[in-house]
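Here are my notes on this one, written for someone meeting it for the first time. Have a look at the picture, then read on.

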Amino acid sequence: MKRGNQIIAVTITSFVLSFLSYTASYSAREEGPAIHIEQTEHTFPTIFEGEELAHTFTFYNRGTADLHIRRVTHS
Amino acid sequence: MARYDRVIPPGGRGEITLTIDTSRVRGEFEKKAVVWSDDRPGMSVELHLRGQVKPHVSFDPGGFISLWGTKGEAARGHVEIINEHETPLKVIGVDNDLPDRVTWRLEEVRPGFVYGLEVEDISEKAGDYTVHLTIRTDNPKKPRLTLTVRGEIKEK
């Protein structure tokens, strides 16, 4: 193979490998955990001072890997 | 405070329980919580809780009376004690921590639900003072209420 053709082949190979790598990484980003919370708001009925209020929100993992809840901050 | 499931498998379900101590909350409130996860596109999700907290018993216009006057001229102030429940409230007594400065008189405006409390300065000397009137009730969740009375009595 002539030297010019070799350069072209290497360039094409490099381009194809880069493309495959990008595609793989893009696919990987679509994989993984996916949090889904149907209800994100709740209004309590009126109560008297001193009573404890509690509400439980339900969420789902609609992804393909374990979902890790890192922390819940509140204010 | 928040309790929550930490690891949820694909297709799984988890719970986040938020609790609010209302002993220091009055009136309408809104609390926000943020859930941080390893779901990159949705790594933070906001949760909102709203509500309203009523006092068991309240003062109208407020839990503070200011008495301004000159010695010998009885300065007076007045508040209403309002029962916010649907069942009647009984005022058992009123304790005065400076009886040589003020006197008080309680009357039933709407029996069991609204009481009028009149406070009068009886100082025999000029000066500033702060009195606490403790109203004792038969409501086990609010057995005591404190009314603060601030007096500023000048010489004639």
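1. Let's start between the two chains: chain A and chain B share four salt bridges (a side-chain nitrogen of Lys or Arg within 4 Å of a carboxyl oxygen of Asp or Glu). One of them joins B:Arg50 to A:Glu41, with the closest N and O atoms 3.1 Å apart.

2. Before going further, a word on what you're looking at. This is a predicted model, where local features need pLDDT of at least 70 and side-chain atom pairs count only at pLDDT 80 or more, while totals for chains, interfaces and linings use all residues. Residues are numbered from 1 along each chain as its sequence is written, chains are lettered from A and ligands numbered from 1 in the order in which they are written, and side-chain values use heavy atoms, with hydrogens and water left out.

3. How much area do the two chains bury between them? About 4,200 Å², 55% of it on carbon and sulfur atoms (buried area is the accessible area, with a 1.4 Å probe, that two parts lose on being put together, summed over both). On the chain A side, A:Phe48, A:Glu49 and A:Val72 supply 18% of the area buried against chain B, more than any other three residues.

4. The contact involves 40 residues of chain A and 49 residues of chain B (contact means heavy atoms within 4.5 Å). In chain A, β4(A) brings the largest share of the touching side, 10 residues. Strands here are DSSP runs of E, at least two residues, numbered from the N terminus.

5. The chains also pair strand to strand: β5(A) and β4 (residues 27-37) of chain B run antiparallel, joined by five bridges (two strands pair if DSSP finds at least two bridges between them). Within that pairing, A:His74 has B:Ala33 as its bridge partner.

6. Now look inside chain B, at strand β7 (residues 64-70).

7. Last stop: B:Asn96, in strand β9 (residues 91-96) of chain B. A polar atom of the B:Asn96 side chain lies 2.9 Å from the backbone nitrogen of B:Leu98, and the backbone oxygen of B:Val102 is 2.9 Å from a polar atom of that side chain. Not counting residues up to four places away in sequence, B:Asn96 touches B:Val102, B:Trp104, B:Val131, B:His132 and B:Leu133.

Note on methods: Helices (H or I, at least four residues) and strands (E, at least two) are DSSP runs, numbered from the N terminus. A polar contact is a pair of N or O atoms within 3.5 Å; within protein, one must be able to donate a hydrogen and the other to accept it, and residues adjacent in sequence count only if both atoms are side-chain atoms. Buried means under 20% relative accessible area, exposed over 50%, partly exposed in between (1.4 Å probe, protein chains only).
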